[in-house]
Amino acid sequence: MDAVISFLTDFGTADTSVGQCKGVIAAISPKALVVDISHAVPHYDIVTGSWMLRSAVPHFPACVHVAVVDPGVGTARRPIAIECGRGDILLGPDNGLLLGAAALVGGITGVVELVDPAFRHNPVSNTFHARDIFCPAAAHLAHGVGIHLLGPNLDPRSLVQLPEPESTFVDGTVRTAVVGVNEFGSLALAAPGDMLARLGQATHVRAIVGDREIVVRVVGTFGEAATGEPLILVDSYGRLCLSLNQQDLAQRLGIARADKPTVVLSPVLDDPRRPSPEDQSR
Amino acid sequence: MDAVISFLTDFGTADTSVGQCKGVIAAISPKALVVDISHAVPHYDIVTGSWMLRSAVPHFPACVHVAVVDPGVGTARRPIAIECGRGDILLGPDNGLLLGAAALVGGITGVVELVDPAFRHNPVSNTFHARDIFCPAAAHLAHGVGIHLLGPNLDPRSLVQLPEPESTFVDGTVRTAVVGVNEFGSLALAAPGDMLARLGQATHVRAIVGDREIVVRVVGTFGEAATGEPLILVDSYGRLCLSLNQQDLAQRLGIARADKPTVVLSPVLDDPRRPSPEDQSR
Amino acid sequence: MDAVISFLTDFGTADTSVGQCKGVIAAISPKALVVDISHAVPHYDIVTGSWMLRSAVPHFPACVHVAVVDPGVGTARRPIAIECGRGDILLGPDNGLLLGAAALVGGITGVVELVDPAFRHNPVSNTFHARDIFCPAAAHLAHGVGIHLLGPNLDPRSLVQLPEPESTFVDGTVRTAVVGVNEFGSLALAAPGDMLARLGQATHVRAIVGDREIVVRVVGTFGEAATGEPLILVDSYGRLCLSLNQQDLAQRLGIARADKPTVVLSPVLDDPRRPSPEDQSR
């Protein structure tokens, strides 16, 4: 069996950190297939890392996932492995990073603390637990070691939680938040796709993103809008997404990848072809 | 057999799109070996993507190749798989991206439209066909499914074509175009390497690149020129290439990766050591 | 057996060079597992590449390693393979790049020059020996070919050496140099971790980095310092490291990834909480 290990970090690929981790895995489990999710989580940004992880994990087979965004490396924060209902095992720091993804693949069925030195890369450094704790444990799991050999059980209720944005529909208005900015500058929102129907049959929606306002066309895919036209659609994650066709909305609104501004959506009832304030200012 | 699937996109690696695609492949064909060609095609740039694809595909074994630069995703453009004389199968949108590479590995021997829902990742989104159509089909092919199960045959003559730059030699002058800018800032030209001989025994060549002019030395490899010296050589693709030794010519001339300026080459008959206008302006 | 081939270059991943190399390997040895160490060595920077290689190679199993930073490609510099005491084989240009890593995995036990055309990708270009010489040779080695089939033996004493920074402790002061800047902006020093003890029990150390001076706190891991606080620790390479907790020290001091400034460390004997000159200027 070629066990799959997915891998998400904020390490980037300009230095050798990711390579070292993969070397350690290859030394323990040379038949494991390491699949990069991304190593471009904004540095130290656990919340963005959490959303990136949940965007990818459901599309993998049930497998081992290592995710490391770990500003508390070497402090008292616990290194953990979470077993999920679908059969996945998620490894990383106990700082909330893993929980959103765990909920999408069957929820938590068990948690262990990664303490057994037999399944670590020794000596364990103070500053690089991805290489010295998480990846070795993942490689041993991929190689067939049972999760309960890695350390004692933890109470799932003891795990550190992240704040989660709420998406509401009140008084004809959707209130939600940006949870991700992709490579093309589209803004992924927390609101599920079916909230778009709540706004009725409007062809256009007014979107207030942080302190910026933009009128967007409701479409099924990018190519239905003119080049550069603002649009809203249900994206490939099943969530709402604000975008420009073939242009970069995040750049235009001055939103960085780590930003998580609130978003308010309401139907446009007057002439939808009236330029938005955003466009008028140009 | 570990089937190889090469992978080229304009998705970048800052978000999780490429990771999701690889997860889908691993779920269908865990023994497939996905090899990244690059994910840094300039966004929406089908022409540059086409040239990048043809630079790489001939160096692979006959295998499955997924290439996605797809501004028309979700519109009427067709998702296709092209079977080639060497045995390769190229998958991607019917927008011209795949045809240049197909010609280099034996030409088109068959085309199908990827419509069978049994070989898609369901539900198919409107916006991410790499994950939902192209990569699942590639994984099934790598797993041994016959191409004709994926959908009905298409007439190869019905495929969308890209304009192709012509390279000519007229009146002692080569006229061609830039088709790629590499990481080091070298300019790959459409003209095949043997066109250099048409310019005679000149030790130096005058190159007009868009509206810039530069005198370059004819060399066999970079190290024959002084550091920073402009040069022309036959590059590793067998085409002409303009470069500076150990410096970035594209940056110096203000040429972006997506730019495709025309290039005119003529032999320098006077003193080759006379500084070029480019150099004089410094 | 799935042989592992690690891969380090200065090619970047914006063009298809790395993909072409992997295609060539897959054509020769489809079961080989290519593991990227990094492709972001600063262009032409053999010294930084050497330090990156030695940071990663010891964490791999004994395997084949290809490392290419090769400004002299196509000139008289020799293409080589170095056999090491641990069983690793390092392939790359004879320009000093490989020697530091070789010393960390058992030292040199043999060297051959890669000249046999049977183990090259033909025709060999003048400008891309990673694709045409180093990766094919690595793939044949991974596939079971003996190293001595690749070409004649070379005298290890004939190999090109790089200058190595010295780390000294004289008059209560450590003198060393930066050897790497990681993704987070930490400065890896040449000095081994145990040199920190030579500075005594000081809680703070004065660090002169090039022409900049900074007072740093001695810690065991990043999280022991306040956010943004300058610190020194023994990093995951077992060497000294200057950093800011969760901020970018290299950016703050204006140090680029290729820079290798000297560093002088001395214990702070007066009030350690006095702001450093660096901080006073803000």
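Author: The crossing of helix 1 and helix 4 of chain A is right-handed. This is a predicted model, and what follows should be read as a description of that model. Two packed helices are described by the angle between their axes and by the distance between the axes. For helix 1 of chain A and helix 4 of chain A, which covers residues 129-142, the angle is about 35° and the axes are 9 Å apart.

Which residues of helix 1 and helix 4 of chain A make the contact? From helix 1 of chain A come A:Gln20, A:Cys21, A:Val24, A:Ile25 and A:Ile28. Helix 4 of chain A contributes A:Ala130, A:Arg131, A:Cys135, A:Pro136, A:Ala139 and A:His140. Sorted by kind, the residues of this contact are 8 nonpolar, 2 polar and 1 charged.

The side chain of A:Lys22 meets that of A:Asp36, with 2.8 Å from N to O. A:Lys22 lies in helix 1 (residues 17-28) of chain A and A:Asp36 in strand 2 (residues 33-38) of chain A, so the pair ties together parts that are 14 residues apart in sequence. Are these two residues buried or exposed, or something in between? A:Lys22 has a relative accessibility of 11% and counts as buried, because buried means under 20%. A:Asp36 has a relative accessible area of 21% and is partly exposed.

Chain B has a salt bridge between B:Asp36 and B:Lys22, again with 2.8 Å from N to O. Here B:Asp36 is in strand 2 (residues 33-38) of chain B and B:Lys22 in helix 1 (residues 17-28) of chain B, so parts 14 residues apart in sequence are tied together. B:Lys22 is buried at 11% relative accessibility, while B:Asp36 is partly exposed at 22%. Another salt bridge in chain B joins B:Glu213 to B:Arg206, the closest N and O atoms being 3.0 Å apart. In that pair B:Glu213 is partly exposed, with a relative accessible area of 26%, and B:Arg206 counts as buried at 18%. Over all chains, a search of the whole structure finds 27 salt bridges.

A:Pro123 is in the loop between strand 6 and helix 4 of chain A. The peptide bond from A:Asn122 to A:Pro123 is cis, with omega near -5°. In chain C, a cis peptide bond joins C:Asn122 and C:Pro123, with omega about -5°. C:Pro123 is found in the loop between strand 6 (108-113) and helix 4 (129-142) of chain C.

A:Gly107 counts as buried, at 15% relative accessibility. Leaving aside neighbours within four places in sequence, A:Gly107 is in contact with A:Glu83, A:Cys84, A:Gly85 and A:Ala102. A:Glu83 is 24 residues away from A:Gly107 along the chain, and their C-alpha atoms are separated by 8.3 Å.

How are the chains related to one another? Two copies of a chain are related by a rotation about an axis and a shift along it. Chain C is superposed on chain A by a rotation of 120° with 0.0 Å of shift along the axis, at an RMSD of 0.0 Å. That is the relation of a three-fold axis. A rotation of 120° with 0.0 Å of shift also superposes chain B on chain A, with an RMSD of 0.0 Å. The residue of chain C that comes closest to the rotation axis is C:Leu33, at 5.1 Å by its C-alpha. In chain B that place is taken by B:Leu33, at 5.1 Å.

One more residue of chain C is C:Leu8, in strand 1 (residues 4-9). C:Leu8 is buried, with a relative accessible area of 0%. Among the residues in contact with C:Leu8, beyond its neighbours within four places in sequence, are C:Ile37, C:Val41, C:Met52 and C:Val66. C:Leu8 and C:Ile37 are 29 residues apart in sequence but 5.2 Å apart in space, C-alpha to C-alpha.

Key. Residues numbered from 1 in each chain as written. Chains lettered and ligands numbered in written order. Predicted model: local features only at pLDDT ≥ 70, side-chain atom pairs only at ≥ 80, totals over all residues. Heavy atoms only, no water. Helix = DSSP H or I, 4+ residues; strand = E, 2+ residues; numbered from the N terminus. Buried < 20%, exposed > 50% of the residue type's maximum accessible area, 1.4 Å probe, protein only. Contact = heavy atoms within 4.5 Å. Least-squares fit on C-alpha atoms with pLDDT ≥ 70 in both. Salt bridge = Lys/Arg side-chain N within 4 Å of Asp/Glu carboxyl O. Axes fitted to C-alpha atoms, helices over the stretch in contact; angles between N-to-C directions. Left-handed = near helix turned anticlockwise from the far one by under 90°. Nonpolar A, V, L, I, M, F, W, Y, C, P; charged D, E, K, R; others polar.
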